[in-house]
Each structure stands twice: as structure tokens, then as C-alpha cells.
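This report describes the architecture, helix packing and selected residues of a protein model. The sequence and coordinates are shown first.

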Amino acid sequence: MHQLRGRVGRYKHRAYAYLLLENDRPVTPNAVKRLKAIEEFTELGAGFKIALRDLEIRGAGNILGAEQSGHIESVGYELYCSLLESAVRALTHKPQRSLFDCSIELSWRAYLPRDFVPGPRVKIELYRRLGRIRSLERLADFRQELTDRFGPLPTPAKNLCDEAELRILAERWQLGRIHVEDEFAVLTYASARRIETLARLRPGQVRIVDEKHAYVPLGDEKRPRGSVVAAILRPLLQASA
């Protein structure tokens, strides 16, 4: 259906594709999910997203065996791939990847506004994709895609992307949480060696106070606190170990 729809409007003239379904025709739950995917993903290049959604619906099967159907929908495509990678690493005696999903707790509004991204399904898909991003390059592509699809980023959407950037940078230093206390940004860390390296690279900026926490002075700037934290921590966490 997606391929058929793509054959409409190939030239300069605007065209429309109407997909009709008889009212009295029974539709299975999986068919409804597929129709919803066709309805949701309409932009240029949506074929890959539709393929992923179809993979979630029908299951990926036993990749290392002969079975051709699976139960990927019970855990979701992303978690399925993560579990598969973990199992393959264990079987091949490779070390597991350690992912630190840092909790960013700043006093600002970070979300996709309703008047910026219409429709809950599209918004949920964007949130899910943003949560999976683990590199600054992919985050830059994501920002550009938001701008191309929906226009200039409003402040809450920009804050959301800035939080994602801090989360990616924090993973390098194995930080589990970033929050604000009084005039300091508090870094909760898991690796003493990493935080000591960061403190050496940024003398005077990172103050280790105990075996779990380090403080970063925020100064007395008058900008909104979340913006101050992001502006200070971004270059600090970009330091090369």
C-alpha cells in the first residue's frame, strides 16, 4: 500500500491517494496497526519507519535459527535488538556495553509543544527516537529533521534537545544524575576515576565533595537556571579524557 501510494503525484502537480475500506469488512487487530502506520507515516522517506513498525507487528523471528515468526511485539523492537546484542556479546565472550542513562533534572520546560508537533502518535514516535539517540551526530540530524518538518524550534523543543545533548555527554563520564542545588549543578557519578579525570581537566570548575557527588558552580547569572546549567555543563562535559 505504501509503494502504491508513492506512485501518486510523481510530477509537479499535487496529487492525493485515497485508501478506502468497506464498513462491513472485518479487520484484524494487526491489520488495524498496519493501517495506522500507513496513516501516521506520510512524509518523504517514511518507508523505513513503516518497515520497522511492520517488523514490530509480525515479529522478527529467530534470527539465529530457522523460525520465521517471533514475538518482538511483546518487548518492542529497540529492546529486542538490545537483548539480542547482549546475548551475542555473551556468546562471543565480548564485554557488555555499559550505557548510563543520565537523569537530567533542570528547572525549565522541555517538551514538544502541541502547536509545534501535531498529533500524539507522531509526538510519541519522536520522543521514542530521541530517547534512543546515543551520539551527537545523530542528535544534530534529529534537530535538523525537526526544523525541516515542523519549522524553527520553540524554546521547549530546543530545551528538550539540549537535555538530550547533556545526557549523551554525561554518558562519557558515567554520570547517573544532574540536578541543581542552590548555586551549584550537582553531578552524581558512578566512576571515581572518570570524575577525577574531569576535575583535573577542569580545575576549579568541578569540585568533588564525596564518593558520589561533584559540584559545579553556576555563578550569579540572571538567565533562566536551566539555560545557565546547559551553557556551563555543555563545554565542561565536552572535555577530552
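How are α2 and α3 oriented to each other, roughly parallel or roughly antiparallel?

## Packing of α2 and α3

In this predicted model, helix α2 (residues 29-40) and helix α3 (residues 47-58) have axes that come within 10 Å and cross at roughly 165 degrees. Angles over 145 degrees count as roughly antiparallel, and α2 and α3 are therefore roughly antiparallel to each other. The crossing in which α2 passes α3 is right-handed.

On the α2 side, the contact is made by Asn-30, Lys-33, Arg-34, Ala-37, Ile-38 and Glu-40. The α3 side contributes Ile-50, Arg-53, Asp-54, Ile-57 and Arg-58. Divided by class, this contact of α2 with α3 has six charged, four nonpolar and one polar residues.

## Overall architecture

The protein contains nine helices and five strands. Along the sequence, these elements follow the pattern α-α-α-α-β-α-α-α-β-β-α-β-β-α.

Of the 241 residues, 34% count as buried. The accessible surface of the protein comes to about 15,500 Å², and carbon and sulfur atoms account for 54% of that surface. Among contacts between residues at least 6 apart in sequence, 57% join residues that are at least 24 apart.

## Helix α7 and its partners

Two helix pairs that involve α7 are described here. Two packed helices are described by the angle between their axes and the distance between the axes. Helix α5 (residues 120-132) packs with helix α7 (residues 155-172) at an angle of about 25 degrees, and the axes are 10 Å apart. Angles under 35 degrees count as roughly parallel, and α5 and α7 are therefore roughly parallel to each other. In this pair, Tyr-127, Leu-130 and Gly-131 of α5 meet Leu-160, Ala-164 and Arg-167 of α7. By class, the contact of α5 with α7 has four nonpolar, one polar and one charged residues.

The axes of helix α6 (residues 136-150) and α7 also come within 10 Å, with a crossing of roughly 170 degrees. That angle makes α6 roughly antiparallel to α7. From α6, the contact is made by Leu-136, Leu-139, Phe-142, Arg-143 and Leu-146. From α7, it is made by Lys-158, Cys-161, Asp-162, Ala-164, Glu-165, Ile-168 and Leu-169. The residues of the contact of α6 with α7 divide into eight nonpolar and four charged, with no polar residue. Ala-164 is listed in the contact with α5 and in the contact with α6.

## The loop between β1 and α5

Ala-110 lies in the loop between β1 and α5. With 22% relative accessibility, Ala-110 counts as partly exposed. The C-alpha atoms of Ala-110 and Ala-157 are separated by 6.0 Å, although the two residues are 47 residues apart along the chain. Leaving aside neighbours within four places in sequence, Ala-110 is in contact with Pro-156, Asn-159, Leu-160 and Glu-163. Leu-160 is also one of the α7 residues that meet α5.

Pro-118 is found in the loop between β1 (103-105) and α5. At 53% relative accessibility, Pro-118 counts as exposed. Pro-118 and Phe-150 are 32 residues apart in sequence, and their C-alpha atoms are 9.2 Å apart in space.

Leu-233 lies in helix α9 (residues 225-237). Its relative accessibility is 0%, and Leu-233 therefore counts as buried. Apart from neighbours within four places in sequence, the contacts of Leu-233 are with Leu-166, Ile-178, Ala-185, Leu-187 and Val-216. Leu-233 and Gln-205 are 28 residues apart in sequence, with a C-alpha to C-alpha distance of 9.7 Å.

## Positive phi angles

Most residues other than glycine have a negative phi. Gln-174 has a positive phi, near 55 degrees. This residue lies in the loop between α7 and β2 (175-181). Gln-174 is buried, with a relative accessible area of 16%.

Asp-182 likewise has a positive phi, of about 55 degrees, although it is not a glycine. Asp-182 lies in the loop between β2 and β3 (184-189). At 67% relative accessibility, Asp-182 counts as exposed, whereas Gln-174 is buried.

How values were computed: Residues are numbered from 1 along each chain as its sequence is written. This is a predicted model: local features need pLDDT of at least 70, side-chain atom pairs count only at pLDDT 80 or more; totals for chains, interfaces and linings use all residues. Side-chain values use heavy atoms; hydrogens and water are left out. Axes are lines fitted to C-alpha atoms, for helices over the stretch in contact, and angles run from 0 to 180 degrees between N-to-C directions. Helices (H or I, at least four residues) and strands (E, at least two) are DSSP runs, numbered from the N terminus. Angles under 35 degrees count as roughly parallel, over 145 as roughly antiparallel, 65 to 115 as roughly perpendicular and the rest as oblique. A crossing is left-handed if the near helix is turned anticlockwise from the far one by less than a right angle, and right-handed if clockwise. Contact means heavy atoms within 4.5 Å. Ala, Val, Leu, Ile, Met, Phe, Trp, Tyr, Cys and Pro count as nonpolar, Asp, Glu, Lys and Arg as charged, and the others, Gly among them, as polar. Buried means under 20% relative accessible area, exposed over 50%, partly exposed in between (1.4 Å probe, protein chains only). Accessible areas come from the Shrake-Rupley method with a 1.4 Å probe; for residues, only the protein chains shown count as cover.
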